Amino acid sequence: MARATGKAHMIVLDVGNSTAIATGIDKQSFFQKSKACASLIIQRLIFSAPNDHVGVVLFGTNETNNELNVELGGYEHITEAFELKQANWPALRILQDQVTQTNLDACWFDALIVAISFLRNGSQDKKFTDYNIILISPFLKRSEVSQVQLDSVIDGMRDMQVVLHVITNFVLHTAASVASIFTTSGTFDEQANRTDARSLNERLLKKATTSTDGTLSNINWAERMLTFFDPKVVRPTPWNSVLSIGTKVKLSISAYVMISEQKGLGSFKVDSADDSTSATTSSKVEMRTQYLLNDKPIEISMQDIIMGYMYGSTAVPYDNTIDIEYRSGESRLACLGFTASSNVLEEHLSVKGSHVVVAKKGCNASNNKLSALVKAMHELNVIMITTKVYRKDNRPRLNALIPTYRSEIPCLVMMELIFKDELCCLKFPPLLKSKPAPTDQQYDAIDKLIDSMNLMDAIDDSNGEAREAFALHSTFNPTLQQVYRAVAHRALHPKQPLPAVDSTLQELFEVPKKVANRSKPALEEVKKLFELKEVKQNTRTEWLQRMAKVKLADDATSSISTIDSGILMDDDDADRRTVVSVGTLTPAQDFALLLRRGEKFATVATQLQNVLFELLFTSMRPPGDKVVTALMVYRSEAQTLGPYRYNEWMGELKNMLLTRRKQDFWEKVIVDKRLGLIDSQESDMSTVSVEQAANFYETPAQHKAATESASGDNIDLDSLFDELNGSF
């Protein structure tokens, strides 16, 4: 017997005249919906279970083509359309393009018998883990079936371990039915207006599905559930290791992946649109790397290639020999210690998923130790910090082991911790600092808004029951689902444009309609109680206009402190900004803000001096208005807080400006705006006389001569060319 490769599915599809009835809110025919369900089942198998096999039996067809009719007769208008094989796109295209509705009806019970025989014959010399028959029909034709015949068919399905799944109309699903299709069952609607034939068929189907542990699904609910593709089922593979605590306690453990990021579609083959299966039209996708030099392809030897990083436009080569030579040793999970659960916050956990740690299968001693460990950690409310080495000599990572119970089984949840340099500390100003506290009415309005946007009853089912919106086990990733649908559409319709995002996907990231309508009154009340006022940001022009109010030219007696007068910055601006030191972007604002916070004048003044030196002598741009503004603010504050440091620095600045040929800045800024030394009339703390301050603006003769000589070195290019031409 061959090794089990997957599951076997047989779809029994009704294409008869009775499928013309309208169903659902959109009033589509039952045939259209049933055909869509069959197509979606095959698509799910292609994406999620490529090793599964599927076959199709049609009943209600104009022709008859099945083995039982040839051998025994009596199975009319039933066709074995697709034999049992792996799901593929060509078969799906045939199902969508060539299967049509007919004007005949056939017995669903006969079709079920044909499907069982077809499934048995197709699975010979093969071994499957499960056998499923999916019967899709409105069941409007009366089936004369005796109890003996029904029991015989049920026994045949039990012998093959076949599970019968029925998709039809007039089936109700409870609000809790949010699991995947074929894992939860509905019930027939007893209040529906049914015919006698339908009632009889329901009794037969109910017994058949119950006896085979099958399910009942509403056609509309099934179509919606089938539009969402499940990820490919992978057998859980444990990471076996040893959990060591100290030097004497060791536990053999197995870690299984519990939560991981979905990777979407894996590798696949190119399938030609003309259904050809030749090697020339169906091949694997291959990646090719090409090296270019000046847009021309060149041949490169692998020995000439080195690793590197790009920092801006600079290529920095990287050699593996500079890595730290550290060998972590064998694979292990070593306990570093225990800490209170409150010490590990949610933001300290990495986003790489989680594992469930249990005792290794067959190790009873480790199972007993782990049970005692989980119980003790749970009672003490602590977690374990461990070092995890996944494979020999891999880089170690910190992990937290959290005690928990899953289905009353003690286990540990392992989640990776981040290191300090991976933590981003974000600081936000307090919301209620220097702001009015909300009133009781505002608090009540927010409470009403939260209650109106409750998601626990945000969706109403077709039977009137409310259920939770965005539940964890029923909310799919819309990005991956759109990729699945786009690939399926392109495979079935290669020349058509890709469809827009379906409404079922939009529901995954939009506010439910019930919540939107219910929250409108609460939103209006919040809008009324919380008035929003536009806060205008001070532009650079407004800032310069405010700085112009600081008069430092002729009227020395009118100098005032910008910090005390509030000219420099408003209270709201100071609350919003987070400044650690004076920066080159807004030096004047930073200087004033730090002084208002109580920083020492000597410290802030030194920072401003360094910034001004950088802007004047090392920056590639000419000194702008922010340098002038910073000098004005610095001089104004120094008059009140102490002019000695400013006067000493201004002497050094003068020498630097004249030495580095910044004569224009000295004359147009320092001299014209009178930003030189602070004399005794401007500040009582100054030791500089008025005469000394006036003489400070004079430029020494040697600096003037140096400037003139530098300007005289300019050469007339026209004269130089004339001399060159005359010399030849």
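Helices (H or I, at least four residues) and strands (E, at least two) are DSSP runs, numbered from the N terminus. The structure is a predicted model, in which local features need pLDDT of at least 70 and side-chain atom pairs count only at pLDDT 80 or more, while totals for chains, interfaces and linings use all residues. Residues are numbered from 1 along each chain as its sequence is written, and side-chain values use heavy atoms, with hydrogens and water left out.

The protein chain contains 24 helices and 23 strands. Of its 728 residues, 39% are buried; buried means under 20% relative accessible area, exposed over 50%, and partly exposed in between, with a 1.4 Å probe and protein chains only. Contact means heavy atoms within 4.5 Å. Among contacts between residues at least 6 apart in sequence, 71% join residues at least 24 apart.

H53 belongs to strand β4, which covers residues 53–59. With a relative accessibility of 10%, H53 counts as buried. Its side chain reaches the backbone oxygen of N51 at 3.3 Å. When residues up to four places away in sequence are not counted, H53 touches T5, K7, A8, H9, L84, K85, Q86, K126 and F128.

I42 is located in helix α1, residues 30–48. Its relative accessible area is 5%, so I42 is buried.

L401 is in strand β20, and a relative accessible area of 0% makes L401 buried. From C-alpha to C-alpha, L401 and S354 are 10.0 Å apart in space, and they are 47 residues apart in sequence. Not counting residues up to four places away in sequence, L401 touches L243, L333, V357, M377, I383, M384, T386, L412, V413 and M414.

The discussion now turns to a pair of helices. The axes of α5 (residues 147–160) and α6 (residues 196–211) come within 10 Å and cross at roughly 25 degrees. Such axes are lines fitted to C-alpha atoms, for helices over the stretch in contact, and angles run from 0 to 180 degrees between N-to-C directions. Angles under 35 degrees count as roughly parallel, over 145 as roughly antiparallel, 65 to 115 as roughly perpendicular and the rest as oblique. Therefore α5 and α6 are roughly parallel to each other. On the α5 side, Q147, L150, D151, I154 and R158 take part, and they meet L204, K207, A208 and S211 in α6. The residues of this contact divide into four nonpolar, two polar and three charged. Here Ala, Val, Leu, Ile, Met, Phe, Trp, Tyr, Cys and Pro count as nonpolar, Asp, Glu, Lys and Arg as charged, and the others, Gly among them, as polar.

Finally, two loop residues deserve attention for their backbone angles. Most residues other than glycine have a negative phi. Q161, which is not a glycine, has a positive phi of about 60 degrees. Q161 lies in the loop between α5 and β7 (162–168), and its relative accessible area of 60% makes Q161 exposed. S407 is likewise not a glycine and has a positive phi of about 55 degrees. S407 is found in the loop between β20 (397–406) and β21 (409–417), and at 69% relative accessibility S407 counts as exposed.

Note on methods: A polar contact is a pair of N or O atoms within 3.5 Å; within protein, one must be able to donate a hydrogen and the other to accept it, and residues adjacent in sequence count only if both atoms are side-chain atoms.
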